[in-house]
Structures are given as structure tokens and as C-alpha cells.
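Colleague: Could you walk me through this one before I set anything up with it? I'd like to start with the overall layout and then go into individual side chains.

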Amino acid sequence: MPKRFYTALAILLAAVMALSFLPIHGETEIYDTVVRLHVLANSDSEEDQALKLTVRDAVLEITTPLLRDTAAARIEDNREAIRTAAEAVIAAAGRDDLSGTVTVELGEETYPRRRYADCTLPAGRYLSLRIDIGEA
């Protein structure tokens, strides 16, 4: 009996581990929208690891504003389409009292720490697409 129990337990653990590699909770969207930076050091030596971190920091210094500016420009170019999409949803919901009241702003806002199903964002100032409906 104990051998069967341990065999079943091993199979169950293997199945759970295999399932943990499948995308769930919107992770596939993250895979499609996030660019990860992976800098590999020449070796595990302290010197090479320190160099890797210095390279990482230099690349992030260049790419962070680049990606932010690109995202901001794309949103700015499509603000009217975003507003129109929001207005269409309001109209479809039959909320004539809110028709024409949507505003779309792009700017920095301070956010508290926020936990989502698949990630946690630290508190801080973020580029924010703000959509106000009516009195908001």
C-alpha cells in the first residue's frame, strides 16, 4: 500500500509541476507584450558578474525611455480611436446620459502598490493612460 501511495503522489506532483509551465491567468498576454532583457556574463566570476550588471544598467538606461516614448507616441497617435471605442461601449450599454463625456489623457500618475492575478507592480509614478467617463 505505501508503495502505491508514493507512486500516486509522485505522479500527482509531476502533473502539478507540468501544469505550472502552462500559461494561465492572462500570462499569454504578458508573453506577447513584455520584452525581457537577459544579459549573460562571460563566466560566474565576480568580475564578469559585475560587468554583466553594469551592461544591464547601461542598456536599461537607453531602452527604458525609448520604450516609454514609443508607447506614449503610439497612444497619442491613437487617442481619438481609444475615445471612440470607449464611447461605443457606452452607447451599446444604452447610457445616452454619458454620450460624449469621455476624455482620454496620457500623463504621469502616482499609483499605490498593486497586486494583479499574475504580477505585482510597486508603488510609484507611472506613465498612465487615463480615461474619464462623465464626472469621473
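**Layout and side-chain pairs**

Modeller: The protein chain has 4 helices and 4 strands, and from the N terminus on these elements run α-α-α-α-β-β-β-β. Please keep in mind that this is a predicted model.

Colleague: OK, what does the pLDDT average over the protein chain?

Modeller: The average is 84, and 77% of the residues score at least 70. Among the elements, helix 1 (residues 2-19) has the lowest mean pLDDT, at 60, whereas helix 4 (residues 79-92) has the highest, at 95. Where pLDDT is low, the predicted coordinates should not be read in detail.

Colleague: And how much of the protein chain counts as buried?

Modeller: Of its 136 residues, 8% count as buried. As for contacts with a separation of 6 or more, 38% of them are between residues 24 or more positions apart.

Colleague: Let's do charges. How many salt bridges are in the whole structure?

Modeller: A search of the whole structure finds 9 salt bridges. One of them joins the side chains of R68 and E108, with 2.5 Å from N to O. Since R68 lies in helix 3 and E108 in strand 1, that pair ties together parts that are 40 residues apart in sequence. R68 is partly exposed at 31% relative accessibility, and E108 is partly exposed too, with a relative accessible area of 41%.

Colleague: What about R83, which residue does it form a salt bridge with?

Modeller: R83 pairs with E87, the closest N and O atoms being 3.5 Å apart. The two residues are 4 apart in helix 4, so they are separated by about one helical turn. R83 counts as partly exposed at 25% relative accessibility, while E87 is buried, with a relative accessible area of 12%. Coming back to R68 and E108, salt bridges that share partners join these two and R125 into one network.

Colleague: Is D48 buried or exposed?

Modeller: D48, which lies in helix 3 (residues 46-77), is buried yet has no salt bridge, and the nearest side chain of opposite charge, that of K52, is 11 Å away.

Colleague: Then which side chain does D48 have a polar contact with?

Modeller: The side chains of D48 and S43 are joined by a polar contact of 2.6 Å. Not counting residues up to four places away in sequence, D48 touches A41, N42 and S43.

Colleague: Switching topic, how many aromatic pairs are there?

Modeller: The structure holds 1 aromatic pair. It is formed by Y111 and Y126 in an edge-to-face arrangement, with 6.1 Å centre to centre and 75° between the planes. Because Y111 lies in strand 1 (residues 103-111) and Y126 in strand 4 (residues 124-132), the pair ties together parts that are 15 residues apart in sequence. Y111 is partly exposed, with a relative accessible area of 35%, and Y126 is partly exposed as well, with 27%.

Colleague: Last one, where is the place of L37?

Modeller: L37 is in the loop between helix 2 (27-33) and helix 3, and it is partly exposed, with a relative accessible area of 44%. Leaving aside its neighbours within four places in sequence, L37 is in contact with R56, V59 and L60. For L37 and R56, which are 19 residues apart in sequence, the C-alpha to C-alpha distance is 8.0 Å.

How values were computed. Residues are numbered from 1 along each chain as its sequence is written. This is a predicted model: local features need pLDDT of at least 70, side-chain atom pairs count only at pLDDT 80 or more; totals for chains, interfaces and linings use all residues. Side-chain values use heavy atoms; hydrogens and water are left out. Buried means under 20% relative accessible area, exposed over 50%, partly exposed in between (1.4 Å probe, protein chains only). Lys and Arg count as positive and Asp and Glu as negative; His and the chain ends are not counted. A salt bridge is a side-chain nitrogen of Lys or Arg within 4 Å of a carboxyl oxygen of Asp or Glu. A polar contact is a pair of N or O atoms within 3.5 Å; within protein, one must be able to donate a hydrogen and the other to accept it, and residues adjacent in sequence count only if both atoms are side-chain atoms. Contact means heavy atoms within 4.5 Å. pLDDT is the predictor's confidence in each residue, from 0 to 100. Rings of Phe, Tyr and Trp (its six-membered ring) pair if their centres lie within 6.5 Å; planes under 30 degrees apart count as stacked, over 60 as edge-to-face and the rest as tilted.
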